[in-house]
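Subject: Two-chain model, handover and findings

Dear colleague,

Here is the structure that I am handing over to you, followed by an account of what was found in it. Please read the account with the structure open beside it.

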Amino acid sequence: MKRILNISIVLFATLNSCKPLTGADALINQKASLPESFRLSELHQKVITSFINNRKHTTSILYGNKVVHSILGADRANGNSGESFTLVTWQQQDDAHWFGARIPGDLISAETLTVADSNSQTIYHYQKFKGKELTKLADTTGNADRVRFILSKKASIMP
Amino acid sequence: MKKFMLIAASAMIILLISLQFFRPEIGHLSVTGDLQAPANVKAILVRACYDCHSNQTNLRWYDQIQPVYWQVASHVRQGRKGLNFSNWDKLSPMDRKGKLWEAVNQIEQGAMPIKSYAFVHSDARVSKQDLAVLKNYLIGTVHETPNDTAKLRAREKQVQAKADQNQQKLPESLNGITYIPDYKNWQVISTSDRFDNGTMRVIYGNDVAVKAIKEHHINPWPNGAIFAKAAWDKLEDEQGNVTTGAFKQVEFMIKDDIKFRQTNGWGFARFKTPKLKPYGKDVMFTAECISCHKPMKDNDFVFTFPIKN
């Protein structure tokens, strides 16, 4: 009897099943989003590569401007005048929509690097921004290492 | 009036009885190679999934009564088509792995077993503990090897080939979607580190998609929104640094609820390798995309949690 009751309920339910859609606020990855004031999208830089650190569980994207992309593949170990980079790094989090994936979680930092020539000398302008609000850091220790790190990155293969 | 009710009731009964004779065939096909998995893992899948995803369908008496039987038979036929544990030998080792991750994800998202079925067959429900058993098993199958020589070589080969590569005409998918090279100029809306299959991805959105994100109008997504997802092998070194290896594919989802009405409002396309080979044997390749994206139906079939830039 219980079975038959269940079956009738199911028949009824399938005819009436209707669930509200998930709201946009629950779907936008708020903690990984960049503050609007940073205006990354207005730089129109393109992805050079993406990478992950499996020990620190971070994930990063390295962007570059047109100049970088025009000479990709060529030797750019020391950088070339006119190149401009942005490196964004996030803590990873589990993807609530797919068991088997990790996606960007808390925003950790953004780093910018521009390369210029002045009197046949290469000048690097490096700046780090930290935390959810991407606060500009005044401390410059370790900057030279970060410049080398950014310039050492190989481009991803993209047809 | 009474007489009319009596006639109506008898007609109803006669109709129900005659319905019992219309029986779509579900067939008892052979088991060519059954799923191989640890006993505790397999027991859960047999109990919860085998009625519709194997050739060992075990229908109870209450499944066999019309009009219920109609729905059951159709579920069995469709279920077997997408996933059949009785023909496990027909899948490549990689596809077996992929199907298992997909299966566990369908359970986790509440899409499988089908709700109406689980409601009646209470023994088929997958408990939290069952799900944990399945997930632990899958986690145990993940092996990330540092300095994987095969993967390193695959990347090197693509680098070499790139030099003498000249795309003449833009490739087109079997459902008529032309490859969109411009995706590289779009905004990144997320990345994904897929430890289930050893790949890493970057997900891009076109201007329409990015504007929709800014305005929080993403469910449903507006017509004209396009996503591109590029995937590479993961290359790991001893320090745990993971970089992109060989380029696997780029996939697109184009929103147009009229043009692509038959595929849930999205035009799906996948182009493989740097040669951008259109994926699939025929137009029906989209059925694969849709079945895996279906648990996201309350989010307009989109997995990605977009990031604002």
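Chain A contains 4 helices and 6 strands, where helices (H or I, at least four residues) and strands (E, at least two) are DSSP runs numbered from the N terminus. Read from the N terminus, its elements follow the order α-α-β-β-α-β-β-β-β-α. Of the 159 residues in chain A, 45% are buried, a term that stands for under 20% relative accessible area, with exposed meaning over 50% and partly exposed lying in between (1.4 Å probe, protein chains only). Among the contacts in chain A (heavy atoms within 4.5 Å) between residues at least 6 apart in sequence, 50% join residues at least 24 apart.

Two notes on conventions belong here. This is a predicted model, in which local features need pLDDT of at least 70 and side-chain atom pairs count only at pLDDT 80 or more, while totals for chains, interfaces and linings use all residues. Residues are numbered from 1 along each chain as its sequence is written, chains are lettered from A and ligands numbered from 1 in the order in which they are written, and side-chain values use heavy atoms, with hydrogens and water left out.

Turning to the interface, 53 residues of chain A and 67 residues of chain B take part in the contact. The two chains bury about 5,700 Å² between them, 60% of it on carbon and sulfur atoms; buried area is here the accessible area (1.4 Å probe) that two parts lose on being put together, summed over both. On the side of chain A, the residues that lose the most area to chain B are A:Phe99, A:Ile157 and A:Pro159, which together account for 16% of what that side buries.

Between chain A and chain B there are 27 residue pairs in polar contact, both residues being at pLDDT 80 or more. A polar contact is a pair of N or O atoms within 3.5 Å, where within protein one must be able to donate a hydrogen and the other to accept it, and residues adjacent in sequence count only if both atoms are side-chain atoms. Several elements of chain A each supply at least two residues of the side that touches chain B, among them α1 (2–16), β3 (84–94) and β4 (101–118), and the largest share, 7 residues, comes from β1(A). That side divides into 28 nonpolar, 16 polar and 9 charged residues, with Ala, Val, Leu, Ile, Met, Phe, Trp, Tyr, Cys and Pro counted as nonpolar, Asp, Glu, Lys and Arg as charged, and the others, Gly among them, as polar.

Since B:Asp193 lies in strand β1 and B:Lys234 in strand β3 (residues 226–236) of chain B, the pair ties together parts that are 41 residues apart in sequence. Both B:Asp193 and B:Lys234 are buried, and a network of salt bridges links A:Arg102, B:Glu144, B:Asp193 and B:Lys234.

A further salt bridge joins B:Glu251 and B:Arg270, with the closest N and O atoms 2.8 Å apart, and both of these residues are buried.

Some backbone features remain. The peptide bond from B:Gln66 to B:Pro67 is cis, with omega near 5 degrees, and B:Pro67 is placed in the loop between α2 (39–53) and α3 (68–82) of chain B. Another cis peptide bond joins B:Met112 and B:Pro113, with omega about -10 degrees. A:Asn119, although not a glycine, has a positive phi of about 50 degrees; A:Asn119 sits in the loop between β4 and β5 (121–130) of chain A and is exposed, with a relative accessible area of 73%.

With best regards

How values were computed
A salt bridge is a side-chain nitrogen of Lys or Arg within 4 Å of a carboxyl oxygen of Asp or Glu.
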